[in-house]
Amino acid sequence: MLNELIDKVMISHTEEERQTLYDQIFKEMNDEAACVPLYYCEDIYAMNTHVKGFEFGTNDYEPIKWERLWISN
């Protein structure tokens, strides 16, 4: 869709037609824009002394090995 609009604006004959096409191009670009984070927050973990077996996971999708946690009295 975007490529087609750009092709059309290159061969448009009037300023009004070009402006309409540019409006559509910028709307399409805005609607399809990707979001890129500027930074990633550091992960901070806090736990009670009763929590045992805490171990970091291997990636950001599994930051903690939850199956190894247990609580002591």
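In the protein chain, the mean positions of the 6 positive and 15 negative charges lie 9 Å apart; Lys and Arg count as positive and Asp and Glu as negative, with His and the chain ends not counted, and each charge is placed at NZ of Lys, CZ of Arg, CG of Asp or CD of Glu. The model is predicted, so local features need pLDDT of at least 70 and side-chain atom pairs count only at pLDDT 80 or more, whereas totals for chains, interfaces and linings use all residues. Residues are numbered from 1 along each chain as its sequence is written, and side-chain values use heavy atoms, with hydrogens and water left out.

The protein chain contains two helices and four strands, in the order α-α-β-β-β-β along the sequence. Helices (H or I, at least four residues) and strands (E, at least two) are DSSP runs numbered from the N terminus. The C-alpha atoms occupy a box of roughly 80 × 15 × 15 Å along the principal axes. Of the 73 residues, 10% are buried (under 20% relative accessible area; exposed is over 50%, partly exposed in between; 1.4 Å probe, protein chains only).

Ser12 is located in the loop between helix 1 (2-11) and helix 2 (15-31). Ser12 is buried, with a relative accessible area of 9%. A polar atom of the Ser12 side chain lies 2.9 Å from the backbone oxygen of Val9. With residues up to four places away in sequence not counted, Ser12 touches Glu17, Arg18 and Leu21, contact meaning heavy atoms within 4.5 Å.

Conventions:
A polar contact is a pair of N or O atoms within 3.5 Å; within protein, one must be able to donate a hydrogen and the other to accept it, and residues adjacent in sequence count only if both atoms are side-chain atoms.
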